[in-house]
Amino acid sequence: MLETIGLGPADEEIYHALVRRSRATVPELVADTGSPASAVRRSLALLVDLGLASRPNGRPVRYVAGSPDSALESILRQRESELHEVRGHVRTLMEMYRAGSRFNHPGELVEVISGRDEVNHRWVEMQRNTRSEMRGFDRPPYAAPQAHTESNPVELDLLRRGVKYRVIYDRSVLELPGWLADVTRGIKHGEQARIAPDLPMKLGISDDRLAIIPLLRTGDDAVTASYLIHPSPLLDALVALFDLAWERSVPVRLSALDVEEVGETLSAEEVKLLTLLASGATDKAASRALGWSERTVQRHVMRLSQRVGAQTRFQLAMEATRRDWI
């Protein structure tokens, strides 16, 4: 328990024995702990140095335990002060690092990763090292099989720890079976998801310090190589690109929505359908995402149009936006 303030297990055992007695001689502590006299003396010297014990004058030599609350509190305050200084030094080092990184050789700013296993490994490693926020563009193809139907366990773990995830999904993912269920799981854990047409690439950004771009050529059906982008103007441009795309994309809503204007409630399925249609999904794509037939999609669209008095899908979209359904 006290290793963080510099006491090893043997030192802590002797400290506990001294606290129990309040004051004790070396032979008494040897008898209590079974430790050699030389080890007891070393531990007592450390306790005195830390201010946890004192050695008054007199014979026989006795050691007196200080009041644990005040003695330990003093040490903790000192450690906190030291940690505060370390944090300040870290900030200074980061400023030096960022300044130095601007002058690195261009070849050091972009790293090429080859091999599906290595790509997956670096992707997981980049996420685990994220402290504040992961941002990304998501679109096929994927490095790992079933990546679009199974939740990212690293993401779920980081969401539980307070790391933010903002993901923009390309409209093409709507054609993938199981996509909506996967995104639903992520959103329930805190992911912020949006949909956009024709994302230019797959992209992951960890805080503002690292980005990964899968290297895809026409016809590739799997990710086997990626670019790793280190702090540079290129990374700054990717962050700006994400922010712009985020503002122009459609938020994914999954829960039922109270409709005050007509005293009704949109079902969760209707909210999902409106979100998909607003992102430009075809009836076929929406039916696959929702697990419906195309006729069922068309029937729901007709009912929603009748509810708001819309004659066309464009009018339905405008009215749904005005009512804050999407």
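A: A place to begin is strand 5 (residues 133–138), which pairs with strand 8 in the antiparallel sense over 4 bridges. Please note that this is a predicted model.

Q: Which residue of strand 8 does Phe137 stand opposite?
A: Phe137 stands opposite Leu203 in strand 8.

Q: And is strand 8 covered or open on its faces?
A: Both faces of strand 8 (residues 203–206) are covered. Leu203 and Ile205 lie on one side, Gly204 and Ser206 lie on the other, and all of these residues are buried.

Q: What does strand 8 do with strand 9?
A: Strand 8 pairs with strand 9 (residues 210–214) in the antiparallel sense, over 3 bridges. Within that pairing, Ile205 stands opposite Ala211 in strand 9.

Q: How does strand 4 pair with strand 10?
A: Strand 4 and strand 10 (residues 225–229) pair in the antiparallel sense, with 5 bridges. Ser114 stands opposite Ala225 in strand 10.

Q: What about Ser226, buried or exposed?
A: Ser226, which lies in strand 10, counts as buried because its relative accessibility is 1%, and the cut-off for buried is under 20%.

Q: What is Ser226 in contact with?
A: Leaving aside neighbours within four places in sequence, Ser226 is in contact with Glu111, Val112 and Ile113, with Val119, and with Ile212, Ile213, Pro214 and Leu215.

Q: Changing topic to helices: how do helix 1 and helix 3 cross?
A: The axes of helix 1 (residues 9–21) and helix 3 (residues 37–50) come within 9 Å and cross at roughly 80°. Helix 1 and helix 3 are therefore roughly perpendicular to each other.

Q: Which residues meet there?
A: From helix 1, Ala10, Asp11, Ile14, Tyr15 and Leu18 meet Ala39, Val40, Ser43, Leu44, Leu46 and Leu47 of helix 3. By class, this contact has 9 nonpolar, 1 polar and 1 charged residues.

Q: Where is Trp325 found?
A: Trp325 is in the segment after helix 13 (313–322). With a relative accessibility of 1%, Trp325 counts as buried. The C-alpha atoms of Trp325 and Leu266 are separated by 8.5 Å, although the two residues are 59 residues apart along the chain.

Q: Stepping back, what does the whole chain come to?
A: The secondary structure of the protein chain comes to 13 helices and 13 strands. Of its 326 residues, 42% count as buried. The protein chain exposes about 18500 Å², and carbon and sulfur atoms supply 52% of that area.

Q: How many of the contacts join residues at least 24 apart?
A: Among contacts in the protein chain between residues at least 6 apart in sequence, 67% join residues at least 24 apart.

Conventions
Residues are numbered from 1 along each chain as its sequence is written. This is a predicted model: local features need pLDDT of at least 70, side-chain atom pairs count only at pLDDT 80 or more; totals for chains, interfaces and linings use all residues. Side-chain values use heavy atoms; hydrogens and water are left out. Axes are lines fitted to C-alpha atoms, for helices over the stretch in contact, and angles run from 0 to 180 degrees between N-to-C directions. Helices (H or I, at least four residues) and strands (E, at least two) are DSSP runs, numbered from the N terminus. Angles under 35 degrees count as roughly parallel, over 145 as roughly antiparallel, 65 to 115 as roughly perpendicular and the rest as oblique. Contact means heavy atoms within 4.5 Å. Ala, Val, Leu, Ile, Met, Phe, Trp, Tyr, Cys and Pro count as nonpolar, Asp, Glu, Lys and Arg as charged, and the others, Gly among them, as polar. Buried means under 20% relative accessible area, exposed over 50%, partly exposed in between (1.4 Å probe, protein chains only). Two strands pair if DSSP finds at least two bridges between them. Accessible areas come from the Shrake-Rupley method with a 1.4 Å probe; for residues, only the protein chains shown count as cover.
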